[in-house]
Amino acid sequence: MKALQPRFLIPVAAFLVLATIFGVHLSEISGGKNISDLPSALIGKPAPALDLPPVEGNGPGLKSEQIRGKVALVNIWASWCPPCRLEHPVLMRLAREGVKLYGVNYKDRPEAALAFLAELGNPFQALGADQAGRTSIDWGVYGYPETFVVDKKGIVRYRHVGPIMPRDLDAKIYPLLKKLGAENG
Amino acid sequence: MIPEIGLFSLVLAFIVSCAQGVVPLVGAARGHQGMMEMARTSATAQFVLVLIAFAALMHSYVVSDFSVVNVATNSHTLKPMLYKISGVWGNHEGSMVLWVLILALFGLAVAVSGGNLPPGLRARVLAIQGLIGAGFLSFIIWTSNPFERLSPAPFEGNGLNPILQDPGLAFHPPFLYLGYVGFSMAFSFAVAALIEGRVDAAWARWVRPWTLAAWCALTVGIAMGSWWAYYELGWGGWWFWDPVENASFIPWLVGTALLHSAIVVEKRDALKSWTVLLAILAFSTSLLGTFLVRSGVLSSVHAFASDPERGVYILGLLVIVIGGSLTLYAVRAPQLKGGGLFAPISREGALVFNNLMLTTGAAVVTLGTLYPLILEAFGGGKVSVGAPFFNATFVPLMAPVLIACVAGAMMSWKRSDLKGVLGRLWAAFAAALIVTVAVALFMGIKNILAALGLGLAAWLVVGSAVELAERIALFRGSLSNSLRRAAGLPRSAWGMVIAHGALGLTVAGITASSAWQDEHIQHMRAGDRLSVGPYEVVFEGAGPVKGPNWDGIRGTFKVMRDGKLVTTLHPEKRDYPAERNQTTEAGIHYTAAGDLYTVLGERAEGGGWSTRIYFNPLVAWIWIGAVFMALGGLVSLTDRRHRVGAPRRAAVPAATATESA
Amino acid sequence: MRRAVFILIGLILAAPAVAVEPNEILKDPALEARARDISRELRCLVCQNQSIDDSNADLARDLRVIVRERLSAGDTDEQVFKYVVSRYGDFVLLRPPVKSSTLVLWGAPVGLLVLGIIGLAIWYRRREPPEKEDSLTEEERARLDALLKAEDGK
């Protein structure tokens, strides 16, 4: 009987590596990870410019200077987006706790947007209307809602795709806010 | 009542398959006739039981028994009967029952017709088949029970998706499964041979019919899916390198390599270890596809609503089946003794080359499909691998195969004369050259790649004809002599000629439709005319139209050629309010020279409509070629040799040999 | 949730897979051709496995318009790609960029082929002739010779 020849082990070895990768991936999915989530290309880079007109009848709009020098949460939302509705109470809670939120209203009718805020509350320090959707694209948004955490120096530190749920607050948002709050501007 | 019978049947089938998996293996190891025979009876019993379960599910769909969760989710009283039936496998649970049914079917086929197999081999083959069945039946019973009940039963079902109510889409899964699952038989043969420690010409001959049958079915299944995408999705796209499409293509590539490799084992007793590995890999890649579609690790338009728990179960099955067989391979394959020697330039050499290229192609597609997953696992960030990658890498890899295809078929075994072979192929070479040059001149030198593609197609078609002519000694003797030889030519030779020639048709179709699609996107008002391909298309306007369960807009295009009306096309946009679904139905005029393809878009501001009109040259040849490839395979399948079996040496009484010594 | 997935799949499947609208088409055919080629290389991020050229989604349309704007403004193809990638990351490219992390991928076709050829060459050289299973013993050889001589004598 010929001895075990190493090269014949290559197929099974390759397969086992693959199976392990699958296994790890499956456990991540079970743990709640969404395979469609993409990492933001902006992490670690300066936040893109904001120069948005106001949502008709509500304030002066949203400009970059307004988010400078503080830890800011920029939230892209629309009244026609059901997960945005789901997320709103969490945003209200953050606002009550003193977190500075800034809203980008994406391709929305002003009346609908204002009605939404009237009904569910307005957590935003400032609100801009992105009718053409260009600002959203500049921020690399693809799913609604999305929330960006920008630090005191104006660098994007985190992007959350989809609604922020209470468990995300404890898992990700609060620790991050604490860490960024301690940093120097 | 009937669903319960179905579930009970599945459980019984599971028990039988466990027995089928264990007893014959023990019997074969011990030479116990009775235990080995059990393989045949249990394989038959398993098929009957799974068939009962499948019939029970089918019955529930046909009578619209909405107390069964599966039926309630996926069917509807308003569905035409044809689609109620196809709804059985249009969902995860039902399709798994079809899966194990086909597994059991192949087991039954070997049990019934494998009379020429040595009992030990047959017992082992059926045992492995039984073990696989046991694994997947357990998967169904524990995670994907199609017979779960719902109480109280809803009045109406949920499954009226109009997209699934299409013959192409509804009926391509059975063909695909016959293919994927059919490769399980080659797998079982390979594992049985490894356990026995013997792979020989006889084994290759026994394996071939099952592999061929599976390959034919898979070819048809892939072609049907591709054709469906073409006529349903709207612009002439027929292959998107989507992960699930790739998951069906990879086993096809490996299966093609297997078919060709087995020839060498059969004729020359060589390439054994390679062929056994391919047999294991063909089914393994099918299983990989099953995993990818149902586990949710990859996102794809085709994926069933996926579930990581099921994914873990399937992964477990994969580790046992694939890991186990590959380990057995690692241990036993070195013992397989190599056979006939051959020179690099020989038919064996050409088949080895074919093996190498097809396997590399399969590996590249696999790597491309899984790379995002692999890279992310190693922390390399997220990268996406789409059609541009596959087109850039896979297509160039296939060109040498297509050239070798024709040349290799003409070579003799053991040692061949390359110059002689190429000399005999002068007609094919000339045809290829003429076509390439003509196309390049006619369509412009910037189309040189497309010209080469068509030249390659000519090479394949004429080359196959030359091969046939050689074998029947056409032009070298009397016509009656040639006809006689043609009548006596083995079916496998006919099959090869048909399949290789058909490949040429497909290559031509792919090249022409990719290179010279004539696309026109514009706003049109009633009365506008446009010249598309060889036709003049007149838009007559669009208006509302109503169907049984849909509202839509229908456009009218008059297709003229040389002033005469050829046909009228009616593309539509349909809205299915109950399902909240929209579909577009293209208006297509199919001809051998190409398809005229019309699509109605949105209403334009200021009147008129957005319209898309395409002329896709030779596109139908893609699927016609595929069908003929499958036909060639079928012809090959009916070869007498498969039914007769490998020749058996007459048993020489041991006494005489020792006597005279 | 499953229903939503199905509906989404249905919508995607039903959408005509070239989604360029007539009012998006640029007047300059050369620029339009470049725009189409570039669009075919960009992934639609809200769909599964479609390019922005194929997809009906809003985001796809916005990106198609942006691609055309940038081309009309004089950007080269690379600049347009860079514009989109700097916002969405490498994932938006359907053709994976050639980087250290993708060397294995891009190197695979040629690499595997070369490995295969080397492997074949080694295997070819190493092969032993098949064992002579039917070698004759001395006695049998003598008998054979005798028989053959007898044959020749006839």
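This is a predicted model: local features need pLDDT of at least 70, side-chain atom pairs count only at pLDDT 80 or more; totals for chains, interfaces and linings use all residues.
Student: In which order do the helices and strands of chain A run from the N terminus on?
Tutor: The secondary structure of chain A comes to six helices and seven strands. Taken from the N terminus on, these elements of chain A run α-β-β-α-β-α-β-α-β-α-β-β-α.

Student: What is the radius of gyration of chain A, and what does the globule rule give?
Tutor: For 185 residues the globule rule gives 16 Å, and chain A is well over that, so it is more spread out than a compact globule. Along its principal axes, the C-alpha trace of chain A spans about 85 × 40 × 30 Å. The radius of gyration of chain A is 21 Å, against the 16 Å of the rule.

Student: What percentage of the contacts in chain A with a separation of 6 or more comes from residues 24 or more positions apart?
Tutor: As for burial, 49% of the 185 residues of chain A count as buried. Among the contacts in chain A with a separation of 6 or more, the part that residues 24 or more positions apart account for is 72%.

Student: Which residue just after α9(B) takes a positive phi?
Tutor: The phi in question is about 60 degrees, and it is found just after α9(B). The residue that takes it is Asp269(B).

Student: Is Trp426(B) buried or exposed?
Tutor: Trp426(B) is found in helix α15 of chain B, which covers residues 426–443. Its relative accessibility is 61%, and since the cut-off for the exposed class is over 50%, Trp426(B) counts as exposed.

Student: Where does Ser75(B) lie, and is it buried or exposed?
Tutor: Ser75(B) lies in the loop between α3 (69–74) and α4 (81–86) of chain B. Not counting residues up to four places away in sequence, Ser75(B) touches several residues, including Tyr61(B), Phe66(B) and Lys84(B). With a relative accessible area of 0%, Ser75(B) is buried.

Terms used: Residues are numbered from 1 along each chain as its sequence is written. Chains are lettered from A and ligands numbered from 1 in the order in which they are written. Side-chain values use heavy atoms; hydrogens and water are left out. Helices (H or I, at least four residues) and strands (E, at least two) are DSSP runs, numbered from the N terminus. The radius of gyration is taken over C-alpha atoms; the globule rule is 2.2 Å times the number of residues to the power 0.38. Buried means under 20% relative accessible area, exposed over 50%, partly exposed in between (1.4 Å probe, protein chains only). Contact means heavy atoms within 4.5 Å.
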